[in-house]
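Please look over the sequence and the model shown below before reading on.

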Amino acid sequence: MERYLTKYKYLILTTLLRVYLMYILVDENTYLVSVYDIDSVFFHFVIGLGITLMDILYILQSCLYMHQIKNQMIIRLSQKEYYMYSIKNILVCYFIITIIQGSLQMFFYHHISYHFMLYSFILMISSIIIFRFDNEHIHNYLVLLSLIINSLFKLF
Amino acid sequence: MIEVKNIKKSFNSGSFVLNDLSMIIEEGDLIRITGSNGCGKSTLLKIMCGLMKPDSGSVIYEKYKNEIGAIIENPTFIENDTILYNLKFLYDLRNNFDEEKVKSLCQQFDLDLYNKSVMKKYSVGMRQKVGFIQAIMEDQKIIYLDEPTRGMDENGVNQFYSMIRQLHSENKTIVICTHEKLDGIHFQKEFEIKNGTIFNKI
């Protein structure tokens, strides 16, 4: 039980936050948050940032798991196959996030928003780039971009 | 046959750790490589495994290039998972997990394959045993071991000796880099790395 909690803590937290956010938005009887309600806007903005951050941590943690036995994997496979395997792993995480978010949106709002599709696409690309090219600067810009986009969509 | 040909490798300092190193390893050889700390033993094994590229030179495998098992430096694992998960994960990369075989190997080293403890809770010696098991569990034909008995108790070292003798009798090619004498193993060849090159001791 402990090891599953360690492994999936970010996914569990981000799912709970998603449920909470959607629940309160539905409770306000509208999907769009009033831009005039500053407290509400700030609150949703912070939760949106939290969700984005934990999505990224979940994917990076998943990569880190495999990174720990990189040597043994490369000996069995090859450098190229190892990176392909890692990208496949990132895609799996991305699809898990998409499925959870999509299912929750369908449950609460009866439709899936386009902004989430765009957000998760950027998240996936940024994760692949950090792992494949190990380029911290590109990754940082993309994470920042995905944070801004997600937070803006959460606002409006 | 494995031919290590004119390997050169330098790091940031500029001086060569391995300087024009060449050696030939025959199929079924049981070899010990010694040398002082930082002489390049681990670097050589990394190059031979394909984990590191040399500045120049090459390693040519006549056969079994894809059947290498190795412990390089401290064996690393998925720390928050169990022995079973780690070994199954690695086994499944190329083959289908043979649970009975791995269970029997673990028993030979007094390890419980089904222990629920995660890897980070194991001692250095136990991790070394798991590392050794992953290096031989798929019936690898070439085995590279870097300080394999590090942290093992006397019983563990004896189990290791007996396993090496068994693997040698199965005509596996085994290269062990170590400072320790490993009295329980009769090596066919012994090499020493000094000043970036290799010398034949036996």
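Among contacts in chain B between residues at least 6 apart in sequence, what percentage join residues at least 24 apart? The value is 70%, where two residues are in contact if their C-beta atoms, placed from the backbone, lie within 7 Å.

The model is predicted, and local features need pLDDT of at least 70, side-chain atom pairs count only at pLDDT 80 or more, and totals for chains, interfaces and linings use all residues. Residues are numbered from 1 along each chain as its sequence is written, while chains are lettered from A and ligands numbered from 1 in the order in which they are written.

**Overall form of chain B**

Chain B contains five helices and nine strands. Helices (H or I, at least four residues) and strands (E, at least two) are DSSP runs, numbered from the N terminus. In sequence order, these elements give the pattern β-β-β-α-β-β-α-α-α-β-α-β-β-β. The C-alpha trace of chain B spans about 45 × 35 × 30 Å along its principal axes. Chain B has a radius of gyration of 17 Å, which agrees with the value near 17 Å for a compact globule of 202 residues. The radius is taken over C-alpha atoms, and the globule rule is 2.2 Å times the number of residues to the power 0.38.

Of the 202 residues of chain B, 35% count as buried. A residue is buried if 20 or more other C-beta atoms lie within 10 Å of its own, exposed if 12 or fewer, and partly exposed in between, with C-beta atoms placed from the backbone.

**Strands and their pairing**

Strands of a sheet pair through backbone hydrogen bonds, either parallel or antiparallel. Here two strands are said to pair if DSSP finds at least two bridges between them. An open sheet of three strands in chain B has the order S2-S1-S4, with antiparallel pairing. Its edge strands are S2 (16-25) and S4 (56-61) of chain B, each of which pairs on one side only. From one strand to the next, the twist averages 15 degrees; axes are lines fitted to C-alpha atoms, for helices over the stretch in contact, and angles run from 0 to 180 degrees between N-to-C directions.

Strand S7 (residues 173-177) of chain B is mostly covered, with five of its five residues buried. Thr173(B), Val175(B) and Cys177(B) point one way from S7(B), whereas Ile174(B) and Ile176(B) point the other way.

| Strand pair | Sense | Bridges |
|---|---|---|
| S1(B) and S2(B) | antiparallel | seven bridges |
| S3(B) and S7(B) | parallel | four bridges |
| S6(B) and S7(B) | parallel | five bridges |

Individual bridge partners can be named for these pairs. Glu3(B) has Ile24(B) of S2(B) as its bridge partner. In S7(B), Ile174(B) is the partner of Leu30(B), and Cys177(B) is the partner of Asp146(B).

Helix H4 (residues 124-136) of chain B has 13 residues and reaches 19 Å from its first C-alpha to its last, close to the 18 Å expected at 1.5 Å a residue. The expected span is 1.5 Å times one less than the number of residues. H4(B) is mostly covered, as 10 of its 13 residues are buried. Among them are Met126(B), Val130(B), Phe132(B) and Ile133(B), together with Arg127(B) and Lys129(B). The buried residues of H4(B) pack against helix H3 (70-76) of chain A, and in chain B against elements including strand S5 (68-71), helix H2 (83-92) and helix H5 (154-169).

Between the two chains, 17 residues of chain B are in contact with 13 residues of chain A. The chain B side of this contact divides into 10 nonpolar, four polar and three charged residues. In this grouping, Ala, Val, Leu, Ile, Met, Phe, Trp, Tyr, Cys and Pro count as nonpolar, Asp, Glu, Lys and Arg as charged, and the others, Gly among them, as polar.

**Individual residues**

Asp20(B) lies in strand S2 of chain B and has a positive phi of about 60 degrees although it is not a glycine. Asp20(B) is partly exposed because 14 other C-beta atoms lie within 10 Å. Glu147(B), in the loop between S6 and H5 of chain B, has a positive phi near 45 degrees and is likewise a residue other than glycine. Glu147(B) counts as partly exposed, with 18 C-beta neighbours inside 10 Å.

In chain A, Gln105(A) lies in helix H4 (residues 79-109). The C-alpha atoms of Gln105(A) and Met22(A) are separated by 7.7 Å, and these residues are 83 residues apart along the chain.
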